[in-house]
Amino acid sequence: MRNWMLLVSVLVATARLAVPAAADEAADWRAYAELRKAVDPVAKADPKQAAALCGQFLRDRPETGAWVGAKVCFDVARLLHAAKDTKAALDACAWAEQRWPKHPALVEVLSARAGILLAENRASEVGPLFEQNWDQLARCRSGPVVSAADRWRQALEKQGKKGEAAALLQRILLGCPILADEALQWNQGFLYDRLHERLIDAGETETALRFAKLRFLLCRFDTAAMERSTKMLASAFMAKDPSRKLGRAFVEAQSDSAKPNPLADVKLPEVDREALKAQIARTQGDHVFHDRITLLLLAGDHLSALLDARRYMVREPDKPDGANEICRILKAVDGSVRRSNAFAEFMKTGEGENPLDAFSKELQEKAGGAALAPPPSGVFPGGPGAASARGRAPLSPAQE
């Protein structure tokens, strides 16, 4: 009890301090890493003492920004609940909810509260909690949103609402568009996998196929990602057509553009356009280059995605990221990996077909403009600083 009283006094005192301008977030995360070094060794044996250390951190660093502050409060709630002090844990959440009531980082704390409610058999309270804070959830970073979505899903399924759980996963994927990239989900596709299971079980094969297509088009151009996405596609095709004709046609179209591709007839699910527009506006700079490409692909702005990838190749000729993203864009536009593989091979060896110029012209013609000028020759094989596309990703034989 004494440790919890110390924690309460720390949090209340912190709330009363005049809070200076937020410190650099990177410095906040470095300080948090040091905090964990002190907390982790004692967390199991004395979780209340560990929680008190977290509270002291906030008192000593009143300028801590919302992202790290919310993470610390998440830890406090988790530790106090582990100490079987549910009231104290929920009080810690309430403090954070008052401190950052409109900030998207609040989702971290809401997720902690939801986890406690689930553990206390109060699943019916989880949905309203997130529903009331949907705006923050839609603006939050990917990690806390995935955590929140899973707790919300668990709460619905505990109440026997499996259909609502499937609808929720769709809402999350489409309302937080960046999460349509499986790389930002737990275990490289956690939300897709959970959704696919529920759609197949419910017999919603057409919807399952639409989300499988979305995953395939947006996934990274590497062997592991391609195997995960094509496995989901194969399952969806099989559910729709047990004769396997659709699945075989899809595989054949991957290497032969003259063959009809059944994926072309599958309509993509519609993302929230306003949320997508807002995320594109917030996603600027090389550190979020991959995410920006994802969002532009979702927006159907393939030309801008290609321009960004080519500019990156020019700025960073020794890195493979630009070439890899071009392969991903080719896959997203074509619904197949034939031209992606051709470009990857060209970047690797300097031989064979280079589909990039023709692809650029196609996109420019669709946009009503002139063809793009090629990037400097140094970014292609045979020149200094040549990059190569990694992870050449034809379909796995297992999918055939």
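1. The second largest pocket has a volume of about 340 Å³. A pocket here is an open set of points on a 1 Å grid over the protein atoms alone, with protein on both sides within 12 Å along at least five of seven lines, and its lining residues have an atom within 4 Å of a point. The volume is the space filled by probe spheres set on the points, which are joined across faces, edges and corners. Lining this pocket are 20 residues, and Leu-217, Leu-268, Leu-297, His-302 and Ala-332 lie nearest its centre. Two or more lining residues come from each of α12, α16 and α18 (321–334), and α12 gives the most, with four. By class, the lining holds 12 nonpolar, four polar and four charged residues. In this scheme Ala, Val, Leu, Ile, Met, Phe, Trp, Tyr, Cys and Pro are nonpolar, Asp, Glu, Lys and Arg are charged, and the others, Gly among them, are polar.

2. The model is predicted: local features need pLDDT of at least 70, side-chain atom pairs count only at pLDDT 80 or more, and totals for chains, interfaces and linings use all residues. Residues are numbered from 1 along each chain as its sequence is written, and side-chain values use heavy atoms, with hydrogens and water left out.

3. The largest pocket has a volume of about 450 Å³. Of its 15 lining residues, Arg-141, Arg-282, Thr-283, Val-288 and Asp-291 are the closest to the centre. The elements giving two or more residues to this lining are α15 (273–282) and α16 (289–298). Its classes are seven nonpolar, four polar and four charged residues.

4. For the protein as a whole, the secondary structure comes to 20 helices and zero strands; these are DSSP runs (helices H or I, at least four residues; strands E, at least two), numbered from the N terminus. Of the 400 residues, 51% are buried, where buried means under 20% relative accessible area, exposed over 50%, and partly exposed in between (1.4 Å probe, protein chains only). Among contacts (heavy atoms within 4.5 Å) with a separation of 6 or more, 66% join residues 24 or more positions apart.

5. Helix α11 (residues 190–201) has 12 residues and reaches 17 Å from its first C-alpha to its last, close to the 16 Å expected; the expected span is 1.5 Å times one less than the number of residues. Its buried residues are Phe-190, Leu-191, Tyr-192, Leu-195, His-196, Arg-198 and Leu-199. They pack against α9 (142–158), α10 (162–175), α12 (205–218) and α13 (223–240). After α11 comes Gly-203, with a positive phi near 75 degrees.

6. Arg-153 lies in helix α9. Why does Arg-153 count as buried? It does so because its relative accessible area is 8%. Beyond its neighbours within four places in sequence, Arg-153 is in contact with Ala-165, Leu-168, Leu-169, Phe-190, Arg-194 and Arg-198.

7. Asp-265 lies in the loop between α14 (245–255) and α15. This residue counts as exposed because its relative accessibility is 70%. The C-alpha atoms of Asp-265 and Arg-210 are separated by 9.9 Å, although the two are 55 residues apart along the chain.

8. Helix α4 (residues 66–82) has its end C-alpha atoms 24 Å apart, in agreement with the 24 Å that its 17 residues should span. Because 14 of the 17 residues of α4 are buried, the helix is largely enclosed by the rest of the structure. Lys-84, which follows α4, has a positive phi near 65 degrees.

Terms used: On a 1 Å grid over the protein atoms alone, a cavity is a set of points where a 1.4 Å probe fits but cannot get out, and a pocket is an open set with protein on both sides within 12 Å along at least five of seven lines; lining residues have an atom within 4 Å of a point.
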